[in-house]
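Dear colleague,

I am handing over a structure that you have not seen before, and my notes on what was found in it follow below.

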Amino acid sequence: MDYRSLWASLNMDLEKHDVLCAVLPSLYGDIYLTQEGRPQSMDYFDFVISEVHGLRIQELADARREGRKIFGLFCLYVPVELILAVEGVAVGICAGAQFWVPDGEKVLPGNLCPLIKASLGAWLSATCPYMQMCDFLIGETTCDGKKKAWEILGQHVPMHVMALPPMRRECDVASFGREVRLLRDELEKVSGHKVTAENLQKGVAVMQEQRAVLERIYRARQADPVPISGKDALLVSQIAFYDDPVRFNEKAARLAGELEKRVAEKQGVFPAGTPRIMITGSPMVIPNWKVHHLIETSGAAVVCEEACTGTRYFENQVEAREDLDEQLDALAQRYMQINCACFTPNERRIDDILRMVRDWRVDGVVYYSLQFCHGYAVEYHLVEQALKKAGIPVLRVETDYSDDTGQLKIRLEAFIEMLKS
Ligand code: SF4
Ligand code: SF4
């Protein structure tokens, strides 16, 4: 199908966008479609990627025509439940490709996290249809780079920024509760719909289902042999950020069922006994598949991700409450349980990593931080201490979106060889 008129209606730079569109299919083909023994249910997710700038954008345009508002988010701390309650559509739009970095660097310093540079570059270059489609953006004050970048982005697009407290004491959770209410007020203004106990409950139910099904998929990965590659599991998490959530839940449940059957039949994508790797650290957003791909083509399997594109996204449910005010508090409590390195202290993340090492039978941890992502880079020291104490080998890799695969592959291969010996 030809989407050029749709893209043109979004004021996109079509020529530049063509360059991006020309790269993705071969990149995806090389990394994903060369895998053997993939679960059948991945066909849906392959289809979603093949239509990433097509059908989903058409759906968003249709939703807009029906009067629904499109809200763009960059981080896990924005309660999607509230957006669903006002009949909005939430799309995760942080960007994961080098393609957008040079445009981001026109307004941002070079020594900043590539995720932030790419997010701004995607807007400034008018080549991301999701960005162009958004009626309203919601940022947060998680790390310094992001909170200052929003001042620049906010010059171009209507935007609300949620203040995230740097600690998690009772008073901080209460302050985040106030932020949740401020966001509610903004969403009501933009959408023209009121948040009620009933529509919020419905939004919560959709997201609870999504979290539960992702948990099922992750749990299946505890098996040896592992029934799905880390690359495929990462893709499913990434797609959760921008797909229609009700359809996603149905398709992900189909995948979870298939994986559970594979586990019962001891069917894996790698032989039993393949070294099992956990990845922990900065988020990996589409199309950032580099480290997973390098690991899984070097003789190991990625079995879990302690990351925003992993367990942080779906762990912890919202406590069920009847009254609207209590529901808003329950939302704040749930979201404040996400263990981002922006918090101090953040021992719960370390506890989580150790628990996951046990539950997913991890042989070695790859600690991944995006270049200039200081929160995760600094937190490495304490994570390394805890892992060493537990006798778990860890390798730290710092990378950006550039093609530095040669160096990385050598280090990862040496680490995997060491795990095998
Ligand atoms: S790492 Fe922290 S700031 Fe970045 S997306 Fe995750 S929760 Fe948000
Ligand atoms: S990866 Fe790190 S530096 Fe980049 S936006 Fe997320 S928290 Fe900030």
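The shell around ligand 1 consists of nine nonpolar residues, one polar residue and no charged ones (Ala, Val, Leu, Ile, Met, Phe, Trp, Tyr, Cys and Pro count as nonpolar, Asp, Glu, Lys and Arg as charged, and the others, Gly among them, as polar). Its members are Cys75, Leu76, Tyr77, Thr142, Cys143, Pro283, Cys308, Ile338, Cys340 and Cys342, where a residue is near a molecule if its C-beta atom, placed from the backbone, lies within 6 Å of it.

Please bear in mind that this is a predicted model, in which local features need pLDDT of at least 70 and side-chain atom pairs count only at pLDDT 80 or more, while totals for chains, interfaces and linings use all residues. Residues are numbered from 1 along each chain as its sequence is written, and chains are lettered from A and ligands numbered from 1 in the order in which they are written.

Around ligand 2 there are 13 residues, of which Cys113, Leu115, Cys143, Ser282 and Cys373 come nearest. Two or more residues of that shell come from each of helix H7 (114–124), helix H9 (144–153) and helix H18 (374–389), helices being DSSP runs of H or I with at least four residues, and strands runs of E with at least two, numbered from the N terminus. By type, the shell around ligand 2 holds eight nonpolar, four polar and one charged residue.

As for the chain as a whole, the protein has 19 helices and eight strands, and its C-alpha atoms fill a box of roughly 60 × 50 × 45 Å, taken along the principal axes.
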